Amino acid sequence: MATITISHTPEDGTLVDGDTEKGDGTGDILKRYGFRWFRSLRQYGHANSRDRAPRVAAMEAAAEELRAAGHTVTVEIAEEVRPNDVVRADKHERLEDRRAALEAKQEKLTREAEALRRRSDAMVEHLPLGQPVMPGRRGRAHRNLLERSVDTAIRSALTAQEAARLPSRVEGSRRAEAYKERPDVTARRVDRLETELRALDRRMEGLGQYPGARSDALRRQYEGERAVLIERIAGDRAVLDAAREAGTFGRYSKENVHRDDRVKIRGQWRTVVRANGKTVSVSTGYSWTDRYGWEEVKALACDHVQDTPDS
């Protein structure tokens with residue numbers, strides 16, 4: 001029987017350590033509770049569990065079933081929540097490592113493609129141009145050589161194509177990271193997290209109806225999720241406050257935007273139909289209007305406010 005530790009830390013997430021063996025049944029039990037095998041770590045764990053609340057109920061249930069199967073199991077959970085800026089810096093570092101790995105892979109594939117191309121050329125460079133292939137067994141060696149040369153050239157082209165795709169993946173990763181840091185995206189994320197927090201509070205209120213060990217595990221899990229949500233909301237709000245002070249966010253509201261003004265949203269100038277507390281409705285040219293959050297407004301053109309529109 002195996003000795004197993006199911007642990008959770010903010011830095012590493014939820015992982016399983018132990019002297020397990022293939023076929024001892026531990027993998028089947030862990031998979032039933034959301035664990036998956038990480039080939040790079042050679043460990044089971046919960047996906048996307050870094051800097052998130054531990055899934056206490058699943059961890060405890062998996063530990064209970066493993067103990068029933070005869071294994072010795074310890075559950076270790078770190079309750080602390082890392083600050084938002086630390087989490088963002090750590091994620092940025094991991095993304096940079098992945099980008100560097102992709103760039104190194106591109107260089108390696110480019111070298112392999114060039115080496116394959118030279119090998120293909122070397123196979124047939126001694127053959128006179130236009131030399132016919134003899135029929136039957138007399139031309140077998142010639143045909144085999146040409147086939148190997150073509151196959152190698154195809155491998156070279158496919159390898160070069162794979163290398164050519166990697167820069168777009170690196171650039172896409174950078175764009176996605178920059179997009180998530182935009183003030184308007186951050187504002188929408190705050191709204192979403194606040195909605196999740198209210199829903200979580202309602203679930204916690206309902207736990208009192210179901211006393212027992214599972215209810216206690218769920219309460220610990222919900223308390224962890226609540227602590228993470230509060231920290232993430234506070235961190236994103238601090239980012240928005242800094243953007244407001246810098247004048248890059250929060251410049252427009254129903255106080256300075258009125259009906260028939262022109263606002264720039266997602267690169268297009270639109271006419272305001274109605275200015276609300278949290279949103280602005282703009283015309284579409286059809287019978288309906290589109291509604292956007294104020295964080296989407298990038299510039300304003302009107303007579304009552306002197307504003308320098310964004311280019």
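User: Which residues of α4 meet α5?

Analyst: Two packed helices are described by the angle between their axes and the distance between the axes. In this predicted model, local features need pLDDT of at least 70, side-chain atom pairs count only at pLDDT 80 or more, and totals for chains, interfaces and linings use all residues. Residues are numbered from 1 along each chain as its sequence is written, and side-chain values use heavy atoms, without hydrogens or water. Here Y179, K180 and E181 in α4 meet P183, V185, T186, R188 and R189 in α5, contact being heavy atoms within 4.5 Å. Helices (H or I, at least four residues) and strands (E, at least two) are DSSP runs, numbered from the N terminus. The axes of α4 (residues 140–181) and α5 come within 5 Å and cross at roughly 65 degrees; axes are lines fitted to C-alpha atoms, for helices over the stretch in contact, with angles from 0 to 180 degrees between N-to-C directions.

User: In what order do the five strands of the open sheet lie?

Analyst: Strands of a sheet pair through backbone hydrogen bonds, either parallel or antiparallel. The order is β3-β4-β2-β1-β5, with mixed pairing; two strands pair if DSSP finds at least two bridges between them. Because β3 (36–38) and β5 stand at the edges with a single partner strand each, one side of each lacks a neighbour in the sheet.

User: How many bridges join β2 to β4?

Analyst: Two bridges join β2 (residues 13–18) to β4 (residues 43–45), and these strands run antiparallel. L15 stands opposite G45 in β4. Helix α2 packs on the sheet, touching β1, β2 and β5, and its direction makes about 165 degrees with that of β5.
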